[in-house]
Amino acid sequence: MEKILISACLFGEKVRYDGGDTLIDDPIIAQWKKEDRFIVLCPEVAGGLPVPRKPCERDLETGQVISQDGEDFTEAFHQGASIALNLAKKHNIRYALLKERSPSCGVNLIYDGTFTSNKIKGLGVAAKLLKENGINIYSEFDLDQLKSDLHEK
């Protein structure tokens, strides 16, 4: 049975920057949980960041991940992305379900780095590394596509 890497916040763990979660309440997620299909990870926490933590955004031009007060967290984000990739390789994972708009896990959209709530097309640090290494990435808004690609009913 195919394993799926999932952002810990989507799994219901309180690991977001604000100490919250973004649990996906969907029957297929409940089924996959019962089947023990998920490998759960928050790349930001894995990279050494605390909960709660300063909100960060990714600057696509520089590649840096910066907090609103200008602190550079790029190294922690890259470390977490590497851990995510190593975990995916260890478990032969080909699919990842990641949190949209996250500077780590954004699949289609991320915040633009200006802290003005403006979203742009782009990938989070972990999502980018996973995709570059052949892992199919999906956001919580792509759940139907993931089900289809996994040939689930």
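Is Cys56 buried or exposed? In this predicted model, Cys56 is buried, with a relative accessible area of 12%; here buried means under 20% relative accessible area, exposed over 50%, and partly exposed in between, with a 1.4 Å probe and protein chains only. Residues are numbered from 1 along each chain as its sequence is written, and side-chain values use heavy atoms, with hydrogens and water left out. Because the model is predicted, local features need pLDDT of at least 70 and side-chain atom pairs count only at pLDDT 80 or more, while totals for chains, interfaces and linings use all residues.

Turning to the cysteines, a disulfide is taken as a pair of cysteine sulfur atoms within 2.5 Å. By this rule the count is 0 disulfides. Cys56 takes part in none, as the nearest cysteine sulfur, that of Cys42, lies 11 Å away. For Cys105, the closest cysteine sulfur is also in Cys42, at 6.6 Å, which is too far for a bond. Cys105 is buried as well, at 4% relative accessibility.

Ser7 belongs to strand S1 (residues 4–7) and is buried, with 2% relative accessibility.

Helices (H or I, at least four residues) and strands (E, at least two) are DSSP runs, numbered from the N terminus. Between the C-alpha atoms of Ala30 and Gly20, 10 residues apart along the chain, the separation is 20 Å.
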